[in-house]
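Colleague: I should like to learn how to read the side-chain packing and the helices of a model. Might we take one feature at a time?

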Amino acid sequence: MAVTLEVTPTRKRRPLVVGHLDAPKISDTKLIRSLFFASQELSHMQPLRFILRRNSQSIIRKVKILAAVFEELLRSHTVYSQSAQLCFEEMNIVMQRMKTLIEDCTRSSKLWLLLQIENVSFSFHELVTDLSTVLDILPVNDFNLSEDADDLLVLLKKQCSDSVQFVDPRDDVLRRKVTDTIDGIKHRIVPDQSKLIEIFNDLGLLDSVSLVEEIQRLEDETHDQIDERSRIAAASLIGLARYANCVLYGPSTPSPHPDFRRYKSLSEANIPADFRCPITLELMRDPVVVSTGQTYDRGSIDLWIKSGHSTCPKTGQVLKHTNLIPNSALKNLIVMWCRDQKIPFEIYGDGGVGSSSHCTEAVEFTRMMVLFLIDKLSVAESTNHVVFELRALAKSDSVARACIAEAGAIPKLVRYLSSDSPSLQINAVTAILNLSILEQNKTRIMETDGALNGVIEVLRSGATWEAKANAAATVFSLASISTYKRRLGRKVRVVSGLVDLAKQGPTSSKRDAFVAILNLAAERENVGRFVEAGVVQAAGDAFRELPEEAVSVVEAIVRKGGLMAVSAAFSLIRPLGEMMREGGDTTKESAAATLVTMCRKGGSELVAEMATIPGIERVIWEMIGTGTARGGRKAASLMRYLRRWAAGDTHETAATETQSIVVPTPSRIFNPVL
C-alpha cells in the first residue's frame with residue numbers, strides 16, 4: 001500500500017492533544033503565580049528543529065506576551081471576579097496543552113511527524129484558537145493594567161484571531177520527497193543516494209546513531225497504532241530509515257561488548273504465570289479461550305484436542321465444544337511485556353515476504369538492504385561488520401528473516417562458522433539462530449550443505465561460551481519441528497555437546513543447553529542417549545543454580561526414559577524433595593511429578609528412599625493445601641505411595657511395571673535388572 005498525503009487515523013494514545021483537565025481550586029495569588037511560572041517555562045522552551053519550527057515558534061512567541069502580562073498582574077494583588085478566575089483556569093489548561101504538544105513532538109519520530117504534518121499543524125492551530133476564545137471573554141477592564149500591558153493583550157488577541165492553520169512549505173516539500181521515495185519503492189525503483197542524503201539532512205538525522213534512535217521511535221509508533229493502515233505507514237517509514245542507515249552510513253560496527261547476546265532468551269525472563277500456557281508452561285504466542293473459560297496457547301490446545309482429548313487439561317471438565325476464541329486482551333498484554341523485556345514477538349505471525357499482512361514498501365526496502373549487504377560480503381575488511389548487520393536485521397522481524405534467507409545468505413553465513421575470529425563466529429551463528437525463528441527458514445538451514453555440521457561444531461568447540469550458547473539455542477529452534485527433533489537427537493555430537501555445555505558452561509549457557517535438551521527429550525528415542533551422556537547428573541548439579549530448567553529436564557528424562565533413567569536419577573531423590581520444599585511453583589510441580597514417576601516405575605525401594613527425607617510428609621501436605629492444582633495432584637499421589645509403603649502394600653506401588661530396579665549404592669549406579 002502506498003503512503004499517501006491523506007490524514008492517517010488517530011492512534012490509541014494522543015498526547016499531541018491533551019484532553020480537558022480539572023484545574024484545582026486555588027487562591028487568586030497562587031493562580032496568577034502558577035500562570036506566570038507556566039508561561040515562563042513555556043516561553044523558555046526551544047522551538048522544534050527541522051520540522052514544525054514555525055508552528056512551535058508562533059506558540060512560544062504568543063506565550064511570551066502572556067508572561068509579561070502575568071508578571072504585571074502578579075505585582076498588582078488584584079481581587080478577581082469569578083468569571084476572571086474561570087478564564088485564568090482555562091488559560092492554565094491551554095498552556096499545559098501547549099507544553100505537552102511541544103514536548104510530545106520533540107520526543108516523537110521525525111518521519112512520523114512529517115507524515116502526520118497536517119494533523120499536528122491542526123493541533124497547534126486548535127490551541128491558538130482556544131487561547132483566542134479565552135482572551136475574548138477575559139474581563140480585561142477589571143484588571144487596571146498599565147497601558148503597555150493593555151497594548152500587549154490587544155496585540156495578542158489580534159494575532160490569535162488572525163491565526164490560520166498552516167503547513168510550512170518546506171515541511172510540505174520534504175514530506176512529498178519522503179512519500180515519493182516510498183511510492184517508488186513499490187515499483188522497485190532504487191532510491192537515489194543523493195536524495196536520501198538530502199531528506200535525512202533536512203530531518204537532522206545526520207549519522208547512524210540518530211537513525212537508530214529514529215527507528216526505535218518508529219517501532220514504538222507501530223505498536224501504538226490501532227488500525228492496520230497506520231501500522232503499514234509506520235512500517236514503510238521503518239523500512240526507509242533502515243535502508244538509509246545501511247546505504248548512507250554502512251554496516252554497523254560490532255561492539256566488543258554488545259548490549260544483546262542475540263535476543264533475550266525466554267528462559268532468562270521471569271515470565272508471569274498468566275502469560276504461560278498451562279500445557280507447555282511456555283509463553284503463549286496466540287492465547288485462545290476454550291469452553292470452560294481457561295486460556296491456552298492455540299498450538300498446544302489444538303494438539304491436545306486433535307490427540308482425541310475431550311476435556312479441559314486444567315480443570316478436567318468436558319469441553320462443550322471445541323471452538324477456540326482468541327484472547328486478544330491477553331495477547332496485547334503479552335506483546336507489551338515482550339517489548340519491555342526485549343523479547344521478539346511476531347505480531348503478524350511467521351509468514352514470508354509474500355504474506356498479505358506485510359507492507360509492500362517495507363518488504364522492498366528490506367530486500368534492497370539485504371542485497372546491498374550480501375554484495376558487501378565480498379569485501380574482506382568489512383565482513384564482520386556486514387555479518388553483524390545481518391544478525392541485527394534478522395533479529396528485527398519475520399520479513400527481514402525471509403528476505404535474508406531468500407537472498408541466499410545462509411550458505412554465505414555458514415562459511416564464517418569456522419572463522420578464527422571469535423567476533424565473526426558469534427555474529428555468524430547468532431545470525432543463523434535469528435533466521436531460524438522463521439518456520440520456513442528451519443528447512444533452509446537443515447538442507448544447506450554444512451549448516452548443521454557447522455552449528456554442531458560451534459556447539460562443541462566454539463571460541464566463546466556465547467557462541468556455544470547461541471549454537472545450543474539454534475539446536476533448540478530447529479528442533480521445534482518433530483522430524484528435525486529426531487534427526488538432531490540421533491547425532492552423538494549434538495547430545496554430548498549439549499550435555500558438556502550444561503556441565504561446564506556459565507549460567508546463561510547452561511540455561512540454553514537445558515532448554516535445548518528439554519526440547520529434544522520430548523522424543524522418546526533421544527532420551528537414552530542423553531542418559532548415557534550424563535544429563536541426569538548434569539541437571540542434578542544445577543538444581544541450585546537453575547532449579548526450574550534442571551528439574552524440568554530430570555522430569556522429562558524420567559518420564560520418557562524408563563528404568564534406565566529412573567536408576568540414573570536415584571541419587572536425586574533427596575534433592576528433589578528439597579526442591580519441593582524450597583522451589584518456585586513450577587519447580588515444585590516438576591519435582592513432585594518426577595518423584596511420582598520414579599515411585600511408579602521404580603517400586604517400593606524408591607518409595608523407601610523418599611520416606612527417609614526429613615519432613616517429607618509435611619512438605620507434601622503443604623503442597624496439597626497451598627500448591628497449584630497440578631502440584632496438589634502430584635503431591636496427593638506421593639502421599640498415597642508413602643501410605644501404601646508404610647502399610648507394607650508394595651504390590652500396587654509397582655503394579656504398572658513388570659520389572660524392578662536394583663537400588664543404587666552411594667558409590668555407583670547399577671544397570672536395571674532386565
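Modeller: A charge sits over a ring if NZ of Lys or CZ of Arg is within 6 Å of the ring centre and within 35 degrees of the ring normal. Here the charged end of Lys 468 lies over the ring of Trp 465, 4.6 Å from the ring centre. This is a predicted model, in which local features need pLDDT of at least 70 and side-chain atom pairs count only at pLDDT 80 or more, while totals for chains, interfaces and linings use all residues. Residues are numbered from 1 along each chain as its sequence is written, and side-chain values use heavy atoms, with hydrogens and water left out.

Colleague: How many aromatic pairs does the structure hold?

Modeller: Rings of Phe, Tyr and Trp (its six-membered ring) pair if their centres lie within 6.5 Å; planes under 30 degrees apart count as stacked, over 60 as edge-to-face and the rest as tilted. The structure holds seven such pairs. One of them, Phe 36 with Phe 37, is tilted, at 5.7 Å centre to centre and 50° between the planes. Tyr 80 and Phe 88 form an edge-to-face pair, with 5.3 Å between centres and 85° between planes. Ring pairs also link Phe 70, Tyr 80, Phe 88 and Phe 143 into a cluster.

Colleague: Is Phe 88 buried or exposed?

Modeller: Buried means under 20% relative accessible area, exposed over 50%, and partly exposed in between (1.4 Å probe, protein chains only). Phe 88 has a relative accessible area of 1%, so Phe 88 is buried. Tyr 80 is buried too, at 8%.

Colleague: Which residues have the most contacts inside the largest nonpolar core?

Modeller: A nonpolar core is a set of buried Ala, Val, Leu, Ile, Met, Phe, Trp, Tyr and Cys residues joined through side-chain atoms within 4.5 Å. The largest has 178 residues, and those with the most contacts inside it are Phe 88, Phe 200, Leu 498 and Ile 557. Helix H10 (residues 228-249) gives the most to this core, with eleven residues. A second, separate core of 17 residues includes Leu 283 and Trp 337.

Colleague: What span should helix H13 have?

Modeller: Helices (H or I, at least four residues) are DSSP runs, numbered from the N terminus. The expected span is 1.5 Å times one less than the number of residues. Helix H13 (residues 360-376) has 17 residues and therefore should span 24 Å; its end C-alpha atoms are 25 Å apart, which agrees. Among the buried residues of H13 are Phe 365, Met 369 and Leu 373.

Conventions. Helix = DSSP H or I, 4+ residues; strand = E, 2+ residues; numbered from the N terminus.
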